[in-house]
Every structure is written in C-alpha cells, then in structure tokens.
Amino acid sequence: MRTCRLWSYRIANPVAHFPSLAWCVPRSASRLRRGHHACRGAVVVSILLLAACSGPQSALDPAGRGAERIADLFWWMTAGAILIWLTVVSLAVYVMRARPEPHSPRRAALLIIGGGAVLPTVILAALLAYGLALLPELLTLPPAGSLHIAVSAEQWWWRVRYLPSGGHGEAIELANEIRLPVGARVAFHLESPDVIHSFWIPALGGKMDMIPGRQTRLALEPTRTGVFRGACAEYCGTSHALMSFDVVVLEQADFARWLEHQQAPAQPPVQPLAVHGQELFLANGCGACHTVRGTPADGVVGPDLTHVGSRLSLGAATLSNDPEAFQRWIANTDHVKPGVHMPAFGMLPPEDVRALAAYLDALQ
Ligand code: CUA
C-alpha cells in the first residue's frame with residue numbers, strides 16, 4: 001500500500017519526479033508550434049519509411065507463402081506495439097493533464113497494474129501464440145516429387161545445384177542465381193564448406209543458417225513471378241556484403257525451358273574474338289578452378305561458368321553482366337571483391353582480357 005501511495009503521488013506530480021517527461025508538457029505557443037512541426041516531420045518520415053517497404057529485397061513486399069505469413073506477423077506485432085505505446089502514453093497524459101490531482105491508492109494501483117502490466121502481458125502473449133501458430137506452416141517440407149535445390153555458401157558466392165528428381169540423373173550445377181517455378185513448393189538443402197553463412201530471400205520467406213558440417217533445410221513457395229534478390233544474412237568475412245544472388249520466379253513452362261537449357265553443355269563460340277578467348281581460357285589454366293561443360297575445363301573450386309553469360313549479374317550480384325564487367329572482374333578481382341580467392345589476371349595484355357570477356361559473355 002505504501003508503494004502504491006508513493007506512486008499515486010508521483011503520478012499526480014510527474015514532471016517533478018520524472019524531469020525527462022517535461023518535454024511532453026507544452027507550456028507556450030512556440031512550444032506547441034514546435035510540437036506541430038515535429039508531428040509533420042514524423043508523418044513525412046513514416047511515409048518515406050513505408051515507401052521503402054517495397055522492392056526486390058523487401059520482406060514487407062512478399063512474393064512467397066512464407067514471406068506473406070512473416071509480413072502478417074510483422075504488421076500484427078507493429079499494431080501490438082502501437083497499442084501498448086498508446087496505452088502507456090494515454091495514461092501518462094491522463095494523469096498529467098486530465099486528472100492532475102492526487103489519485104486514490106486503489107485507482108493508482110489499477111492504472112499501474114492494468115495499463116503497465118496486464119495489458120502488455122495480454123498483448124504480448126497473444127502475439128507469441130500467433131507467432132508460434134505460424135511455425136508449422138513455415139516449416140512444412142514440400143511433398144515428394146518436388147523440386148530440390150542444394151545451395152552451398154562459399155566465401156563469397158553461392159554454389160547452386162538442381163538435384164535430379166527421384167534421385168535419377170545428374171545434378172545441374174550453377175552459381176549465384178536461382179530460378180524457381182511459381183506456385184510450387186521447393187526444398188532447399190543448405191550447407192557451407194567454410195564458415196557460417198545465412199541464406200535469405202526476404203521476398204520469399206524466412207532465413208536459414210548454413211553451418212559447416214551440417215545440412216539445414218528450408219522450403220519456399222513463390223506466389224508471383226518476378227526478379228528478387230537474395231543475400232547472406234550472417235557476417236562471414238571481408239566480402240560478406242558482396243555476396244548476394246538473383247532469384248527469378250518464372251511460369252512453370254518458362255522454368256522447364258530454362259532448366260533444360262541450363263542442363264545442356266556450352267555452345268562452342270562462333271565470333272573470332274570469343275574463339276581466341278576460349279583458347280586463352282584453357283591455356284591460362286582457368287579450367288583448373290572453373291567448369292565449362294562441353295570443354296576440357298572441369299575445375300570445381302570456383303563457380304561453374306557453363307552458362308555464365310545468361311546470368312543477370314556477375315561476382316555474386318556485384319557487377320552487371322556485360323563484356324566490360326567481365327574485363328573488370330578478370331583484371332581486378334581483388335578490388336571488386338576484397339579477399340576473394342580468385343587471383344586477379346591484371347598481368348594479361350588488355351587484348352587477352354578482352355578476348356576472355358568475349359568468350360565468357362558468349363557462354364549463353
Ligand atoms: Cu556469407 Cu555473409
């Protein structure tokens with residue numbers, strides 16, 4: 001009771017006991033004006049923040065079943081937080097402005113326990129129950145016969161393998177780009193040979209850690225076509241921020257055509273510059289690290305380059321995909337991506353780098 005009486009006195013004289021509350025007691029016209037300006041500023045900032053919710057890498061602009069649930073949870077949590085905040089601020093205003101006289105101990109206890117403890121507990125418990133209820137749907141693995149994709153996070157790129165359906169045939173290895181059929185639930189098998197990375201396509205669903213020595217699973221189900229962006233969500237070394245990938249969601253028929261094309265070996269180059277580039281590629285030992293199916297190049301250290309020219313970007317979404325970007329990458333690898341394992345080939349004559357770029361660009 002003694003505590004309640006003390007608090008009742010404090011609630012009645014808040015500014016004297018909590019000087020930090022002084023800002024919210026307007027005393028003059030100029031202070032009121034300042035308050036209005038602050039309000040207008042807050043509205044502008046809110047609009048700008050909400051405008052940033054859209055885009056290819058936004059969890060609040062969902063394009064997948066899991067992301068939709070997560071976005072719903074985010075908005076319910078935001079609503080809960082606003083409700084708690086409004087209640088607490090309303091109580092503060094009530095005791096300072098509407099009823100500044102001392103309250104009875106019983107009334108003070110009601111305000112403090114009701115508004116400060118019971119209401120937040122009820123709201124947070126409801127949000128916890130709602131969040132837990134979403135888990136089974138988010139964790140459900142796809143039915144048998146679904147598409148399975150193994151992704152291995154390397155420093156600092158993504159090895160992507162489309163696993164054969166039913167375990168027959170060979171996996172198709174690609175890099176730094178994932179294409180998915182719309183409306184199908186896809187199983188991801190995630191692993192890492194070096195350090196912990198985290199696989200995240202915010203527009204499609206939640207993130208999942210990739211832990212050396214373990215395989216983690218994730219299921220995603222895109223609900224609309226489009227180009228999205230995935231990222232590594234766990235600090236994994238110098239070029240962690242230069243480790244993204246493109247995600248293209250296609251209609252089922254387009255996806256089947258694309259996968260069939262990716263499965264095919266590389267077409268031999270036709271243009272003289274590209275033909276010379278292929279000779280240089282093999283002569284300079286590029287094939288010790290990279291595979292180009294249909295040629296003697298069969299290295300497995302770096303990304304598979306069989307159809308590298310058809311990808312949307314280079315260097316794990318670091319550069320656009322065009323001959324100039326290939327030249328920049330080959331000659332200045334370590335500047336484009338600090339710490340990268342591939343050595344820079346800046347010692348090659350510029351015309352050789354141009355020929356190599358023409359060859360890689362022709363690998364459509
Ligand atoms: Cu890989 Cu951060």
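Strands here are DSSP runs of E, at least two residues long, numbered from the N terminus. The model is a predicted one.

First, the whole chain. It has 10 helices and 12 strands. Of its 364 residues, 40% are buried. Take the contacts between residues at least 6 apart in sequence: 62% of them join residues at least 24 apart. The accessible surface is about 19500 Å², and carbon and sulfur atoms account for 64% of that.

Now some backbone details. As background, most peptide bonds are trans, and most residues other than glycine have a negative phi.

Start with the peptide bond. Gln-155 and Trp-156 are joined by a cis peptide bond, with omega at about 0°. Where does Trp-156 sit? Trp-156 is in the loop that runs between strand S1, residues 148-154, and strand S2, residues 157-162.

Next, phi. Ala-316 is not a glycine, yet its phi is positive, near 60°. Its place is the loop between strand S11, residues 313-314, and strand S12, residues 319-320. Ala-317 is in the loop between S11 and S12, and Ala-317 too is a residue other than glycine with a positive phi, about 60°.

Ala-316 has 2% relative accessibility, so it counts as buried. Ala-317 has 14%, so it counts as buried as well.

To recap: a cis bond between Gln-155 and Trp-156, and positive phi values at Ala-316 and Ala-317.

Definitions and conventions
Residues are numbered from 1 along each chain as its sequence is written. This is a predicted model: local features need pLDDT of at least 70, side-chain atom pairs count only at pLDDT 80 or more; totals for chains, interfaces and linings use all residues. Side-chain values use heavy atoms; hydrogens and water are left out. Helices (H or I, at least four residues) and strands (E, at least two) are DSSP runs, numbered from the N terminus. Buried means under 20% relative accessible area, exposed over 50%, partly exposed in between (1.4 Å probe, protein chains only). Contact means heavy atoms within 4.5 Å. Accessible areas come from the Shrake-Rupley method with a 1.4 Å probe; for residues, only the protein chains shown count as cover.
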